[in-house]
Amino acid sequence: MSEVSLAKRKEKCENCTKQCNKKQNDDGADSQQEKEEVNGQINEGSQLLLSACLSCDGCLSEEESLKISQQSVEEVERVLALNKRCDASKHRVLVASVCPQSLPFFAVKFGLDISEAAQKLCAFLKTLGVQYVFDTTLAAGFSILESQKEFIQRYRRRNHDSHALPMFTSSCPGWIRYSERILGSLVTPHICTARSAQQIMGCLVKDYFSKQQKLSPDKVYHVVVAPCFDKKLEAVREEFTNSLLETRDVDCVLTSGEIYYMMEQRKVSVEELDSVPLDQVLGEAGDTTLVRHEGRGSEGFLEHVFKHAAKEIFGVDVHEITYKTLRNRDFQEVTLERDGETLLHFAAVYGFRNIQTLVHRMRKGRVPYQLVEVLSCPGGCLSGRGQAQSEVGGRLDKALVQQMEDAYTSLPVRLPEVNPNLHTLYQDWLQGQDSSQANTLLHTRIRSQGHIHTQPPHMQW
């Protein structure tokens with residue numbers, strides 16, 4: 001990015017954040033910041049959404065804006081229409097991958113359990129012209145296993161690498177974008193390099209699956225159904241694009257709400273839809289049972305890494321995790337203690353205000369955690385604004401979120417370590433867990449953008 005562009009972006013960003021500051025001052029929010037930090041408590045005042053900050057035209061280049069404009073219902077409709085009109089040799093095979101945090105939304109809207117709702121959703125997508133419908137739990141398993149491995153490596157080099165710990169999770173694109181664009185080198189070296197479930201699913205579809213189907217990646221159009229608008233920003237990142245074939249790992253992200261809108265526009269009756277099982281990346285060999293990972297509504301990185309580290313480093317089997325809430329449910333701690341000594345100290349930090357408190361402490365060198373699971377949406381992934389907003393006023397629909405949480409936790413938990421499909425793919429697709437292929441396709445690089453590496457004074461939220 002040119003110096004002129006950087007200056008323009010910074011000017012726009014300063015104007016936006018000054019307006020945010022003014023709003024919070026008017027609400028009496030800023031006066032609590034120092035008190036919060038001193039007391040270790042978080043103000044539960046008005047919420048400032050990270051996505052609202054980072055998806056404005058102050059942070060989006062013209063090229064990004066164009067790419068994101070293509071992440072739309074209209075674009076999917078265009079591809080579907082082209083398939084109907086053009087010669088069969090020019091058809092693109094449509095593949096949809098559904099995030100497990102989106103399925104509870106459809107379960108609540110359909111009045112069905114998650115497994116039944118998934119089959120109805122699959123049927124609807126196939127009536128549109130989508131040929132294959134997967135869920136992304138398998139890809140999330142890869143992300144969790146790679147995060148566990150990276151945490152162990154970072155822990156073991158902590159005494160001679162100042163950037164090893166704390167490790168921040170990397171699954172949330174809003175958090176990653178904020179870290180790269182605003183926080184810079186204060187935070188980026190600490191972020192786990194494992195790709196998110198969405199982008200690993202993109203590799204599975206465009207690399208493994210397309211080869212199995214004897215298709216060129218550019219002949220596959222891959223749609224992801226996600227709970228969060230920020231996933232659109234992630235899909236258009238340069239490193240997830242094959243410039244030679246002019247194709248992305250994820251061609252389009254539609255939110256759960258956008259898919260439901262498509263159903264409403266077509267006046268689809270759920271009762272009239274067939275029940276069609278989801279497809280499996282491994283074909284008939286795949287397990288059709290819907291499962292979830294641990295955690296209360298996200299991918300559960302904290303719980304999986306915590307249990308793995310306790311066993312791998314200290315030989316301790318942890319069966320139940322007890323969270324200590326620091327005033328609000330979106331800032332919680334977990335500790336492993338033995339003989340009065342704290343062995344592991346992790347935290348879950350959700351929502352922009354809590355993230356600001358975390359960064360404020362880190363700048364002062366007062367972050368005691370070895371791992372922090374960071375998500376920009378208050379409440380976690382189930383509360384993504386692509387599915388959890390009320391129809392009136394755009395506020396969080398708390399009743400809907402509670403129903404989605406109940407539906408999500410009804411799914412059985414399965415550890416990725418015991419998923420045979422993951423072990424098969426590590427060998428058949430990636431040539432082993434520690435191969436260069438695994439490192440290339442399951443990891444990415446987090447980079448500071450521009451020259452900002454300390455938070456400017458006007459951004460002291």
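Is aspartate 434 buried or exposed? Aspartate 434 is exposed, with a relative accessible area of 69%; here buried means under 20% relative accessible area, exposed over 50%, and partly exposed in between, with a 1.4 Å probe and protein chains only.

Before going further, a word on the basis of these values. This is a predicted model, in which local features need pLDDT of at least 70 and side-chain atom pairs count only at pLDDT 80 or more, while totals for chains, interfaces and linings use all residues. Residues are numbered from 1 along each chain as its sequence is written, and side-chain values use heavy atoms, with hydrogens and water left out.

Let me return to aspartate 434. Its side chain meets that of lysine 149 in a salt bridge, at 3.2 Å from N to O; the term denotes a side-chain nitrogen of Lys or Arg within 4 Å of a carboxyl oxygen of Asp or Glu. Lysine 149 belongs to helix α8 (residues 137–156), and aspartate 434 to the loop between α16 (420–428) and α17 (436–442), so the pair ties together parts that are 285 residues apart in sequence. Helices (H or I, at least four residues) and strands (E, at least two) are DSSP runs, numbered from the N terminus. Lysine 149 is partly exposed, at 22% relative accessibility.

A second pair is formed by lysine 206 and aspartate 251, whose side chains meet in a salt bridge at 2.8 Å, N to O. This pair also links distant parts of the chain, with lysine 206 in helix α10 (residues 197–212) and aspartate 251 in the loop between β6 (247–248) and β7 (252–255), 45 residues apart. Lysine 206 is buried, at 5% relative accessible area, and aspartate 251 is buried as well, at 7%.

Through shared partners, salt bridges join Glu180, Arg237, Glu239 and Arg447 into one network. Glutamate 239 is partly exposed at 24%, whereas arginine 237 counts as buried at 17%. Over the whole structure, the search finds 20 salt bridges.

How many disulfides does the search find? It finds zero, a disulfide being a pair of cysteine sulfur atoms within 2.5 Å. For cysteine 172, the nearest cysteine sulfur is that of cysteine 228, 6.3 Å away. Cysteine 172 is buried, at 8%.

Cysteine 381 is partly exposed, at 24% relative accessibility.
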